[in-house]
Amino acid sequence: MKTTFCAVFVFLAGPLMAQTSRMPGWISPSARVIHGQPVVVTGVEARIDVADQVATTTLDIALRNPTGRPQESELLVPVPSGAVLKTFAFEGGNAEGTAKLLPKNEARRIYDSIVAQTRDPALLEFVGNAVVKSSVFPVPANGTQKVRVTYEQLLEADGARIDYVLPRSEAVEYAVPWKLTMRVKSTARIASVYSPSHEVAVKQPGGNEASLTCETKDPGAFRVALLRETKDEMTASLLAYPDPKIGGGYFLVMMAPPKPKADAKEMLREVTVVIDRSGSMAGPKLDQAKAAALQVIEGLKDGEGFNLIVYNEAVEMFAAQPVVKNAETTKQAREYIGTLRVSGGTNIHDAVVEALRQKPLEGMLPIVLFLTDGLPTIGQTSEKAIRETVAKGNPHQRRVFTFGVGVDVNTALLTRMARETRATAEFVLPREDVEVKVGRVFERLRGPLLTKPALRVLDDPNRVSDLIPSPLPDVFEGEQILLSGMYRGEAPLHFHLTGAGAEGERKFDFTFNLDKASTANAFVARLWASNKIAVLSEAIRDMGADGGTGNATELVNEIVRLSTQFGILSEYTAFLAEEGTSLAAAPANASKAADNYSEKAMKLRSGPAAVAQQDNLKKGVESKQLNVRNRWLDDKMRAVEITKVQQCQGGALFNKGNRWTDAGAAKAEQAPDRTIEIGSAEFSRLVDELAEDNRQGLLALRGELLLEHRGQVVLVR
């Protein structure tokens with residue numbers, strides 16, 4: 001293998017694409033395939049090393065030539081303006097070439113020339129970035145080649161927060177597999193690592209180091225926000241997206257766990273494991289539940305507390321009150337668990353009552369892990385009554401983490417039991433292991449740092465609304481608080497946060513300026529909208545308890561409005577993307593959505609469809625990453641995606657026929673005020689305006705575009 005290296009110092013940005021002609025083809029790894037591309041990108045590996053504010057990004061780009069003759073190609077890699085190219089290398093027998101950096105103005109001219117030839121504006125979604133442009137290099141017939149690009153950049157800092165962005169195509173059809181790894185080293189302690197764009201696995205082996213990994217085919221820029229610890233007891237930062245239509249905008253607050261005071265003792269946990277031993281738990285389910293209980297007890301530290309409650313039609317307890325874990329109580333618990341056998345029905349109500357009424361051990365956080373594999377069949381079986389018991393009969397504010405084993409459980413009931421107590425619900429599918437699922441949740445509940453957190457807006461509370469989540473969950477070791485909402489006005493926001501730590505009550509004050517609110521932060525609005533739709537959907541689902549219906553008109557109307565505006569669809573609103581649906585027919589769309597909520601959300605309480613539905617809602621309520629493909633599980637628990645909706649900046653486009661229509665223009669249903677041809681001078685001005693508004697990402701879409709743009713409806717073709 002011969003490898004040719006050429007080091008050039010230039011500025012960078014970040015995609016890949018190609019075209020066919022007698023001239024060399026163009027390839028760009030971060031863009032979707034454009035017309036006639038002979039050489040394809042089969043994958044990209046990105047390695048990112050961050051040292052304080054300096055990031056070094058290495059892209060290993062795999063190319064394949066599926067044709068029977070060698071192909072000449074040139075590589076375009078958009079990179080953030082201000083980056084410096086460090087290395088550019090080809091791997092291959094006859095690979096030769098050099099690369100140079102083109103500043104964003106020159107990159108724009110290259111993009112314009114390609115668009116003029118192909119009538120395809122895909123690359124223009126990267127307007128505003130610089131670009132690394134390679135020389136001609138051959139990709140052998142029916143062969144592969146790898147290209148490596150390495151660049152450095154100085155990351156932007158906003159107070160304690162550092163932001164990293166890797167440009168990639170926003171197009172919903174973009175599906176090149178990427179593997180991303182990031183390693184972070186900081187002179188200051190790393191308080192929090194968060195990606196709003198993609199699901200990542202984060203490890204923080206030391207206070208000054210962190211790493212994350214991600215494998216994805218989902219489109220969109222890869223974003224990471226890093227919080228570095230400050231002298232304050234708690235580190236926080238705010239990202240804001242301005243929206244004049246609401247007189248303010250949307251915000252996302254990141255808060256890292258508070259540092260315990262130097263003389264503070266560690267907060268301990270007291271965990272009660274509640275096990276269903278009804279007849280339907282016979283076999284592997286009870287064996288796994290018993291193993292899970294033992295795993296939890298042995299996972300507690302000596303000095304922490306525990307208890308065991310088992311139930312069928314009756315309720316039995318290992319101890320009348322929780323006991324302190326030590327060698328002797330652990331031995332007794334192991335023996336008690338070994339004697340458990342199945343029989344009888346399922347008395348969920350009484351088991352909940354006994355778990356909640358226990359007097360907790362002093363100074364410990366009281367937690368319940370509640371397992372069941374069935375519907376309530378004995379004693380009080382009303383869903384509403386059991387929910388009310390949890391809401392009003394929890395004097396010690398125990399957190400009830402619920403686990404539904406199998407699909408014959410009341411998913412809505414278990415979810416509401418958890419939500420009412422600042423906890424979460426999990427569902428163990430037939431092929432999954434109860435012990436593994438319980439173990440993952442218990443592992444997350446390490447080292448409570450702040451319990452019963454509550455946020456209050458100082459000055460004018462009416463400036464902030466629709467806070468999600470509400471109430472705030474407890475914060476455990478390795479976690480962070482992510483809070484989104486809407487704001488009004490432009491004056492600074494003042495927040496007061498309280499909570500309980502090991503040393504008692506803790507108080508924190510934060511002031512956030514809104515002067516850095518930017519349309520580049522459109523993901524903030526979309527994350528809030530996604531969470532809000534799921535919260536409203538759960539509220540409608542709650543109306544179906546015990547066969548109820550309820551008047552959900554107001555909630556459904558708001559869901560349809562948000563779904564249309566942001567292009568965030570679910571099993572209840574997927575019809576909005578269908579060919580025959582008019583987005584202008586708001587009453588008809590709301591009526592159809594209401595029917596879907598009535599038949600699914602309200603009526604389905606158990607079974608595979610109900611479990612899938614609750615899984616979708618849980619992801620919507622709790623997720624802090626974008627769901628750009630509108631992915632969910634259908635009633636047979638199969639993954640479903642919608643590719644006819646493009647989420648773009650603070651809005652969405654819907655594909656009908658060969659035309660992508662802006663949701664705002666679709667609702668207006670008016671004829672275009674003007675028509676613009678791709679490649680024309682007027683089109684060039686439109687691109688500049690879209691870039692100013694951070695909406696150039698929609699140019700990656702194929703076909704005609706009907707846009708609501710600066711007070712006009714514009715047709716681009």
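In which sense do S19 and strand S30 (residues 481-488) pair, and over how many bridges? S19 and S30 pair in the antiparallel sense over 8 bridges, where two strands count as paired if DSSP finds at least two bridges between them. Within this pairing, the bridge partner of Val253 in S30 is Leu483. The structure is a predicted model, in which local features need pLDDT of at least 70 and side-chain atom pairs count only at pLDDT 80 or more, while totals for chains, interfaces and linings use all residues. Residues are numbered from 1 along each chain as its sequence is written, and side-chain values use heavy atoms, with hydrogens and water left out. Helices (H or I, at least four residues) and strands (E, at least two) are DSSP runs, numbered from the N terminus.

Strand S19 (residues 248-255) also pairs with strand S18 (residues 236-243): 8 bridges join the two, and they run antiparallel. Ala240 has Phe251 of S19 as its bridge partner. The hairpin of S18 and S19 has 4 residues between the strands, and Gly247 takes a positive phi near 75° there. S19 is mostly covered, with 8 of its 8 residues buried; buried means under 20% relative accessible area, exposed over 50%, and partly exposed in between (1.4 Å probe, protein chains only).

S4 is joined to strand S3 (residues 40-51) by 11 bridges, with the strands antiparallel, and Ala46 is bridged to Leu59 in S4. In the S3 and S4 hairpin, which has 2 residues between the strands, Asp52 takes a positive phi near 55°. A further 11 bridges join S4 to strand S10 (residues 144-154), also running antiparallel. The bridge partner of Ile61 in S10 is Val147.

An open sheet of 4 strands has the order S29-S27-S31-S32, with antiparallel pairing. Its edge strands, each pairing on one side only, are strand S29 (475-476) and strand S32 (504-512). Strand S27 (residues 448-457) pairs with S29 over 2 bridges, and Leu450 has Val475 of S29 as its bridge partner. The loop between strand S28 (464-468) and S29 holds Pro469, and Pro471 is placed in the loop between S28 and S29 as well. The peptide bond from Ile468 to Pro469 is cis, with omega near 5°, and the bond from Ser470 to Pro471 is cis, with omega near 0°.

Most residues other than glycine have a negative phi, and most peptide bonds are trans. Gln397, which is not a glycine, has a positive phi of about 50°. This residue lies in the loop between helix H5 (383-392) and strand S25 (399-405) and is partly exposed, with a relative accessible area of 39%. Asn630 likewise has a positive phi of about 50° without being a glycine. Asn630 is placed in the loop between helix H11 (608-622) and strand S33 (632-633), and is buried, with a relative accessible area of 1%.

Met602 lies in helix H10 (residues 586-602) and counts as buried because its relative accessibility is 7%. Leaving aside residues up to four places away in sequence, Met602 is in contact (heavy atoms within 4.5 Å) with Ile540, Met543, Gly544, Gly548, Thr549, Gly550, Ala552 and Tyr597. The C-alpha atoms of Met602 and Ala612, 10 residues apart along the chain, are separated by 14 Å.
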